[in-house]
Amino acid sequence: MKHDKVQDKVGGIMGGKVLDLPEIRIFHEGKAEGLKEGEAERKKLSEENAELEEEISSLKAELEKLRKQIKQ
């Protein structure tokens, strides 16, 4: 946030030219990399969640089958 404000103020003084400061570039690169890693982690967790839901469903069906056998 501070970098954007500084860039806007300095850019306004310089006639609207955009500054490409190393700190700003590194910040944006790190942010993009973090978002990419977060998306990969979210996808991995989503797949694991789907597998667990499938296993839970299978176990529930097996439990219901066993309950029916006990009642007989």
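Glu39 and Arg42 sit 3 residues apart in helix H2, about one turn of the helix. Helices here are DSSP runs (H or I, at least four residues; strands are E, at least two), numbered from the N terminus. This is a predicted model, where local features need pLDDT of at least 70, side-chain atom pairs count only at pLDDT 80 or more, and totals for chains, interfaces and linings use all residues. Residues are numbered from 1 along each chain as its sequence is written, and side-chain values use heavy atoms, with hydrogens and water left out.

**Exercise 1.** Find what Glu39 forms with Arg42.

*Solution.* Start with the rule: a salt bridge is a side-chain nitrogen of Lys or Arg within 4 Å of a carboxyl oxygen of Asp or Glu. Next, check the distance: the closest N and O atoms of Glu39 and Arg42 are 2.6 Å apart, and the pair forms a salt bridge. Finally, the count by this rule is 1 salt bridge.

**Exercise 2.** Classify Glu39, Arg42 and Glu54 by relative accessibility.

*Solution.* Recall the cut-offs: buried is under 20% relative accessible area, exposed over 50%, and partly exposed in between (1.4 Å probe, protein chains only). Glu39 is partly exposed because its relative accessible area is 44%. Arg42, at 46%, is likewise partly exposed. Glu54 reaches 62%, so Glu54 counts as exposed.

**Exercise 3.** Place Glu54 in the fold, then describe the chain as a whole.

*Solution.* First, Glu54 belongs to helix H2, which covers residues 22-71. Then count the elements: the chain has 2 helices and 0 strands. Last, look at burial: 6% of the 72 residues are buried.
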